[in-house]
Amino acid sequence: IKKKQQDVLGFLEANKIGFEEKDIAANEENRKWMRENVPENSRPATGYPLPPQIFNESQYRGDYDAFFEARENNAVYAFLGLTAPPGSKEAEAQAKQQA
């Protein structure tokens, strides 16, 4: 779990994407909020969803596997619900799709 969290945080920091990290281990309110806001169809069959779970404000964006897939496909900004910066691989790919 820690490695996955560091992977997500490292990517966000390297790309200067603003974020707020919520500690669910030390904060019961954060843990409760995460559990309540992960959609039913994204929850494991048993137990609770494990971190990292990614949100844009209160909108659920996905778990680590969805983030990793988006990163592999140069689609992280779309995954996060953000506009890709001009000149980025993702912005170039979007421009090609629209052309």
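User: Why is Phe-11 called buried?

Analyst: Buried means under 20% relative accessible area, exposed over 50%, and partly exposed in between, with a 1.4 Å probe and protein chains only. Phe-11 has 17%, so the residue counts as buried. Phe-67 has 0%, so that residue is buried as well. This is a predicted model: local features need pLDDT of at least 70, side-chain atom pairs count only at pLDDT 80 or more, and totals for chains, interfaces and linings use all residues. Residues are numbered from 1 along each chain as its sequence is written, and side-chain values use heavy atoms, without hydrogens and water.

User: What makes Phe-11 and Phe-67 an edge-to-face pair?

Analyst: Rings of Phe, Tyr and Trp (its six-membered ring) pair if their centres lie within 6.5 Å; planes under 30 degrees apart are stacked, over 60 edge-to-face, the rest tilted. By this rule there are six aromatic pairs. Phe-11 and Phe-67 lie 5.6 Å centre to centre with 80 degrees between the planes, so the pair is edge-to-face. Phe-11 is in helix H1 and Phe-67 in helix H3, 56 residues apart. Helices (H or I, at least four residues) and strands (E, at least two) are DSSP runs, numbered from the N terminus.
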